[in-house]
Amino acid sequence: MDFEEIVKKRRSIRKYKNKKIEDEKIKVILEAARLAPSAKNEQNWKFIVVNDPELKEKIAIASYNQFFIKEADIVIVACATDSSRIMACGQPAYTVDLSIAMTFMICQAFELGLGTCWIGAFDEQKIKDVLKIPNNIRVVALSPFGYPDENPPARKRKNLDEIVCYNYYK
């Protein structure tokens, strides 16, 4: 599968088969995150792989009752170990860095035949409490990973001329 196919065919999955992900596939997914670029290559991140059913249910509840999350074999929680760094452009480095790393993992998972769903709707403090994450660590995103039990259609996307301009903002 090439990258263009991944971009065109990947969908957010909200139904998962009751099937374990092979350990080797999980390692490949985590390796994709490890290799992701980060500001100044600082890699200020930690990824929590959650496979305990009770913890997955608590994560689903802390994610505003998105119970499909607990159906997946694992949930990966992306944490920033340093949230103080602001890039020269004014953006917090940790949100950009972890977004890139999560995207790498999600694309890699799709290439391996797995489904994911980027979760940004969650109560950060509740996730921290459930997973015993220290207060100085930020939770940026999480995603369930599993074998998909659905094949949703593509959602409508804007045309390029609606989102792209050249040389000046129009």
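Helices α2 (23-34) and α4 (residues 93-111) are roughly antiparallel (an angle over 145 degrees) to each other, because they pack at an angle of about 150 degrees, with axes 8 Å apart. Axes are lines fitted to C-alpha atoms over the stretch in contact, and angles run from 0 to 180 degrees between N-to-C directions. The model is predicted: local features need pLDDT of at least 70, side-chain atom pairs count only at pLDDT 80 or more, and totals for chains, interfaces and linings use all residues. Residues are numbered from 1 along each chain as its sequence is written, and side-chain values use heavy atoms, without hydrogens and water.

Contact (heavy atoms within 4.5 Å) joins Val-28, Ile-29, Leu-30, Ala-32 and Ala-33 of α2 to Ala-101, Phe-104, Met-105, Gln-108 and Ala-109 of α4.

In the loop between α2 and β1 (45-50) lies Ser-38, which is buried (under 20% relative accessible area) at 14%. Beyond four places in sequence, Ser-38 touches Gln-43, Trp-45 and Asp-97.

Helix α5 (residues 124-131) has Glu-124, Ile-127, Lys-128 and Leu-131 buried. These residues lie on the same side of α5, because they cover an arc of only 100 degrees around the axis, taken from the directions from the helix axis to the C-beta atoms. They pack against β1, α3 (53-62), β2 (74-80) and β4 (138-146). Just after α5, Lys-132 takes a positive phi of about 55 degrees.

Two polar contacts (N or O pairs within 3.5 Å, one able to donate a hydrogen and the other to accept it; residues adjacent in sequence count only if both atoms are side-chain atoms) are tabulated.

| Side chain | Backbone nitrogen | Distance |
|---|---|---|
| Ser-38 | Glu-42 | 3.3 Å |
| Asp-123 (oxygen) | Gln-125 | within 3.1 Å |

Key
Helices (H or I, at least four residues) and strands (E, at least two) are DSSP runs, numbered from the N terminus. Buried means under 20% relative accessible area, exposed over 50%, partly exposed in between (1.4 Å probe, protein chains only). Angles under 35 degrees count as roughly parallel, over 145 as roughly antiparallel, 65 to 115 as roughly perpendicular and the rest as oblique.
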